[in-house]
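Morning, everyone. Please bring up the sequence and the model, and we'll go through disulfides and then pockets.

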Amino acid sequence: MLSFVPPTTICSGQTATMRVTIGGGTSPYKITYTAGGITVNRTNYLSGSSIVVAPGSTTTYALAAVVDAKNVSIPVSGTATIEVKPKPATPFIAASDKTIFCAGESVTLTSSQGPVGSTYKWTPGNAATQEITATTSGSYTVQITSNGCTSNNSIAKVVTTNPKSAAPTIETVTQPTCSQNKGSIALNNLPATGTWIINPGAILGSGSTTTISGLNPGNYSFTLTNENGCASTSSPDVTIITPTSLLIGPILNNAAVSCNQTSYLLSWDSIENAAGYKLDVATDGNFTSFLSDYENKELSNTTSLNIIGMVPDITYYIRLRAFDGCGVSQYSNIITALIPSISTPIVSLITQPICPESTGSATLENLPSIGNWTINPGNIIGTGTSTTISGLTAGTYQFTVTNDNGCVSIPSENIIINSQLLVPSIPVLNSQTIGCQSSFIQTWQASENAAGYKLDIATDADFTTFLTGYQNKDLGNVTADTVTGMVSNINYYIRLRAYNECAITQNSNIITALIPSISTPIVSLITQPICPESTGSATLENLPSIGNWTINPGNIIGTGTSTTISGLTAGTYQFTVTNDNGCFSVPSEDIIINSPLTPSIPVLNLQTIGCQSYFIQTWQPSENAAGYRLDIATDPNFTTFLTGYQNKELGNVTAETVTGVLCGGTYYVRIKSLNNCGTSLYSNTIIVKIGTTGIERNRIWLNLQSDAGGRQMLLGYVTGATNEYDKLYDATTTTINTDLYSINNGRNYNIQGRAVPFDIADVVPLGYRAITGGTFTIRIYQVDGIFVNQAVYLEDKVTNTVHNLKNGLYSFTTAIGTFQDRFVLRYTNSSISGKKGNTSKDINAETKSDLIIATNANQINIKSTNEVLKKVAIYNINGQLMYENNSIDMNSLFIDKIKAQNQILIVKVTLENGKISTYKIIL
């Protein structure tokens with residue numbers, strides 16, 4: 001029989017004991033059994049002996065065969081089942097915080113969750129909860145028991161508890177003193193080993209004692225953190241106190257004061273333990289206004305000071321305090337200091353000796369107003385603020401004044417008394433040799449005792465008619481005078497007198513002066529440069545008839561009364577002539593030599609360009625130009641050029657279509673004019689910026705040509721222009737030669753910009769100037785924009801002709817003159833009524849709206865002069881709608897490329913006021 005020793009229910013990982021009881025046969029036995037389908041053989045088995053098994057799950061064991069020692073099969077049977085229950089999974093432990101901490105702290109350890117109804121067992125401590133609080137060091141594990149089965153031990157969680165240090169104890173306290181304003185505290189009971197940190201201050205150190213220095217007054221307690229990071233409790237509170245000064249106020253001593261001194265020697269008694277002193281010097285007893293640099297002035301540990309910068313007659317108030325490291329003392333006694341003074345005498349008047357007096361005098365002011373005074377030298381005693389000292393002989397004097405207090409002033413300024421004057425001697429004039437000049441220097445020999453001279457210059461020997469400014473002219477004490485204003489070929493008579501304060505002398509010797517002359521050259525002929533010659537000439541007459549002469553500028557030497565000076569470049573000249581005697585004339589009149597018809601500098605017109613690959617550059621024409629050279633560069637220094645536009649020669653035009661430009665590009669443009677005589681300077685440089693959006697340009701260039709010359713004009717309908725004068729777009733004509741121009745508001749335009757959108761009904765008057773009579777032609781030179789396909793008509797009011805310039809040039813005959821009303825430029829052929837291309841009128845008799853409808857090719861332009869257009873509908877002759885616009889709200893409408901050709905159309909126009917007009921047109 002096969003059986004199990006109880007229990008027959010085990011946990012996974014446990015063992016069970018099985019026994020087989022055999023009756024009969026010879027022992028030992030060989031038994032065979034199955035365990036969960038696996039056959040197991042066991043030999044040398046003794047009946048009833050234990051067989052230990054460890055099934056991993058519930059297993060049924062069945063006895064299959066028994067053979068005894070004699071190999072005899074013994075019939076036995078039996079089965080038994082062992083139930084195996086699973087163990088819970090091995091738990092793991094989670095810590096709520098660090099597991100190394102200081103004594104008094106803790107960490108929560110939590111086991112992972114077991115099956116419902118599980119129990120827990122912690123080691124050490126045998127706690128039975130899922131979480132525990134660990135406060136001591138140890139290696140903590142946990143097991144979970146569920147359904148009678150216990151899990152394996154978890155991995156141990158090691159907890160380390162570090163001890164705290166004891167609080168520092170206060171060993172000694174050193175309080176601040178007045179000389180040492182910081183205190184210190186000595187601490188002990190610190191860890192003897194390892195390092196520590198004391199707070200506040202984060203002081204790192206080692207050893208069982210330390211001293212904390214540099215402590216300001218206040219309350220302190222300290223904690224200590226050991227090398228394990230564990231802080232102690234706080235030490236006892238310690239108070240660092242503020243030291244108190246025991247200084248007393250110093251005592252100031254009075255000092256003697258003398259006159260006019262600017263300093264004061266102050267002294268005082270020394271104060272024991274003082275580190276220094278603070279001084280105040282004020283000009284009032286309340287110490288609100290201080291002597292400069294003497295407000296709370298800090299002094300070293302001395303007992304005297306020389307106060308500087310004091311002014312006499314001002315009372316100064318002085319006080320002092322001692323100070324040490326703890327503070328300052330009370331103020332000393334207050335003393336006053338007044339420096340007496342006396343002012344310097346002022347010399348207000350010096351009277352020199354005048355004939356016949358031999359002595360002078362001096363007046364002194366600013367003397368003392370109170371009491372007596374004494375003036376020295378002279379020991380002159382008196383009162384009052386001024387006095388005059390007389391009887392001063394020739395010499396230099398300085399005076400001092402002494403007041404009743406014995407104060408002596410500084411000396412006055414120098415008083416210089418001159419010697420008595422004597423009558424001057426009669427002067428002697430020096431003779432002169434005078435050249436060709438309008439002035440000369442007259443000299444004379446100096447007179448003894450002279451203070452000055454008086455000069456006469458007359459045109460007669462009796463001295464009745466004087467040279468202007470030279471009658472008794474006072475010259476001062478000099479020995480020469482520059483005489484001006486004299487005229488050539490006149491004899492002048494000269495005399496002189498000396499003077500001083502005593503007398504004036506008789507007249508000097510009389511001398512005469514005659515200034516020779518030479519006539520001014522006369523310009524009789526000016527010959528201007530004519531191409532190809534680049535210089536002109538001038539003919540001068542009225543030259544000296546005797547001897548050689550020299551003409552300047554040019555240092556031209558010659559003879560005779562006339563000469564021609566050649567090789568004169570453009571400029572302004574004046575010539576003088578000098579004769580053999582060195583006399584030179586005044587300059588001739590201006591001789592202006594013009595440039596030999598060099599063309600004037602052209603002026604470029606500014607541009608506003610949209611996003612396009614070309615633009616048309618225009619300019620105002622240059623006088624005398626035969627052609628132009630154009631530069632277009634991509635940099636302002638003109639080093640990199642647009643291809644084909646470096647010094648491009650254009651001929652005698654005023655516009656050029658520039659190609660090859662890029663949208664968003666910037667180009668720098670300049671131009672110069674030329675003819676057979678030369679080239680002008682460059683024009684203004686303009687910057688052309690090609691936009692990123694389009695600008696509308698519709699332009700026509702017209703040429704007027706005859707045998708006598710030609711002229712070009714430009715008319716354009718351009719974004720930004722108006723039908724008034726526009727500085728950026730319009731250029732008035734300036735030439736006096738053959739000319740063609742448009743007319744607007746009384747102005748003649750070589751270039752005229754007009755408003756967009758283009759109005760096909762627009763009419764532009766043209767004028768022209770003919771400097772010779774004969775046959776002229778007008779033709780289109782170039783067009784762009786809408787005019788590529790737009791007809792352009794020239795109306796001749798003299799011949800009553802309308803000519804389409806698109807079909808070729810127009811030829812006419814004219815007389816010499818300027819003609820303002822012969823030609824009109826238009827875009828419809830209005831002279832042929834009722835035909836294709838005409839301007840139609842209202843065919844509805846009851847509507848009076850003043851509407852104009854103009855057609856050209858497949859374009860229609862509708863214009864209302866009084867009312868706003870509201871709706872337009874266009875039908876063919878069969879009533880089919882060809883075009884419709886129900887929201888116009890403008891006075892004009894331009895319809896381009898309508899899909900109708902060579903047929904009659906009906907145009908229905910509705911105005912803002914509700915009136916309706918119907919028109920018949922032919923496209």
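**Disulfides and pockets**

Cys-102 and Cys-230 form a disulfide, with their sulfur atoms 1.8 Å apart. Keep in mind that this is a predicted model. The torsion about the S-S bond of Cys-102 and Cys-230 is about -95°, so this disulfide is left-handed. The pair links distant parts of the chain, 128 residues apart. Cys-102 sits in strand β10, residues 100-102. Cys-230 is in the loop between β23 and β24. Buried or exposed, Cys-102 and Cys-230? Both are buried.

How many disulfides does the structure hold? It holds 2. Another one joins Cys-11 to Cys-149, S to S 2.1 Å. Here the S-S torsion is about -95°, so the Cys-11 to Cys-149 disulfide is left-handed. Cys-11 lies in strand β2 and Cys-149 in strand β15, so the pair ties together parts 138 residues apart in sequence. Cys-11 and Cys-149 are both buried.

By class, the lining of the largest pocket has 10 polar, 6 nonpolar and 2 charged residues.

The second largest pocket comes to about 250 Å³. Of its 14 lining residues, Val-756, Pro-757, Phe-758, Asp-759 and Ser-892 are the closest to the centre. Which strand gives the most to this lining? Strand β80, residues 892-895, with 3 residues. The lining of the second largest pocket divides into 8 nonpolar, 3 polar and 3 charged residues.

Terms used
Residues numbered from 1 in each chain as written. Predicted model: local features only at pLDDT ≥ 70, side-chain atom pairs only at ≥ 80, totals over all residues. Heavy atoms only, no water. Disulfide = S-S within 2.5 Å. Helix = DSSP H or I, 4+ residues; strand = E, 2+ residues; numbered from the N terminus. Buried < 20%, exposed > 50% of the residue type's maximum accessible area, 1.4 Å probe, protein only. Nonpolar A, V, L, I, M, F, W, Y, C, P; charged D, E, K, R; others polar. 1 Å grid on protein atoms, 1.4 Å probe; cavity = no way out; pocket = protein on both sides within 12 Å on 5 of 7 lines; lining within 4 Å. Points joined across faces, edges and corners; volume = space filled by probe spheres on them.
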